[in-house]
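User: Please walk me through the charge pairs and the strand packing here. Start with the terms.
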Amino acid sequence: FAPAVNQVSAGARVVCPPGMAPRSVSATRRIAAAPERIFAVLVDPRKHPLIDGSGSLVGVAGKPPTRLGPNARFAMDMRLGIPYRMRNRVVEFEAGRRIPWAQLALVRWRFELTPEDDETTTVTETFDWSHSPAAFLVEAFGFPERNRAAIVATLERLAQLVEVSGG
């Protein structure tokens with residue numbers, strides 16, 4: 001099947017199979033940086049607090065790998081009202097192009113990079129709960145809407161980091 005794509009505010013989109021409720025939210029942004037420069041930030045969990053647009057990421061937990069790769073595991077200290085720790089595992093990996101990780105309830109955060117030219121990259125970030133057996137809870141607690149706004153903010157912060165400081 002081909003998923004339907006519905007445009008929503010701030011460049012974010014909701015993707016869903018025909019006849020089903022949306023199970024992912026995404027936003028896309030063109031960033032004036034080479035994909036390698038952007039990917040270097042994404043595969044370094046210590047840099048995730050610098051780009052987090054949700055305001056809930058406190059910092060990296062423990063000793064993460066210095067560079068994420070296939071099946072890498074890492075944890076982040078979070079705060080959404082109360083402090084908690086989120087454990088993650090990289091579930092797909094295409095160097096310089098794609099890195100999604102899965103969390104509690106099998107939700108996935110995915111970054112996809114498409115080079116436009118040597119110094120411009122289109123970056124799409126997606127929050128995908130289509131694999132989650134607890135999708136109804138993800139929706140009931142309002143995570144799709146909250147994460148849609150956070151994704152837009154994360155892409156803005158990522159752009160500021162790699163365009164201004166060089167990542």
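Analyst: A salt bridge is a side-chain nitrogen of Lys or Arg within 4 Å of a carboxyl oxygen of Asp or Glu. This is a predicted model: local features need pLDDT of at least 70, side-chain atom pairs count only at pLDDT 80 or more, and totals for chains, interfaces and linings use all residues. Residues are numbered from 1 along each chain as its sequence is written, and side-chain values use heavy atoms, with hydrogens and water left out.

User: Which residue forms a salt bridge with Arg85?
Analyst: Take accessibility first (buried is under 20% relative accessible area, exposed over 50%, partly exposed in between; 1.4 Å probe, protein chains only). Arg85 is partly exposed at 45%. Its closest N and O atoms to the partner are 2.8 Å apart, and that partner is Asp77.

User: Is Asp128 buried or exposed?
Analyst: Asp128 meets Arg110 in a salt bridge at 3.2 Å, N to O. The two sit in strand 9 and strand 8, 18 residues apart. Strands (E, at least two residues) are DSSP runs, numbered from the N terminus. With a relative accessible area of 7%, Asp128 is buried.

User: How many bridges join strand 8 to strand 9?
Analyst: Two strands pair if DSSP finds at least two bridges between them. Strand 8 and strand 9 form a hairpin with two residues between them. Arg110 has Thr126 as its bridge partner in strand 9. The strands run antiparallel, and the bridges joining them number nine.

Note on methods:
Helix = DSSP H or I, 4+ residues; strand = E, 2+ residues; numbered from the N terminus.
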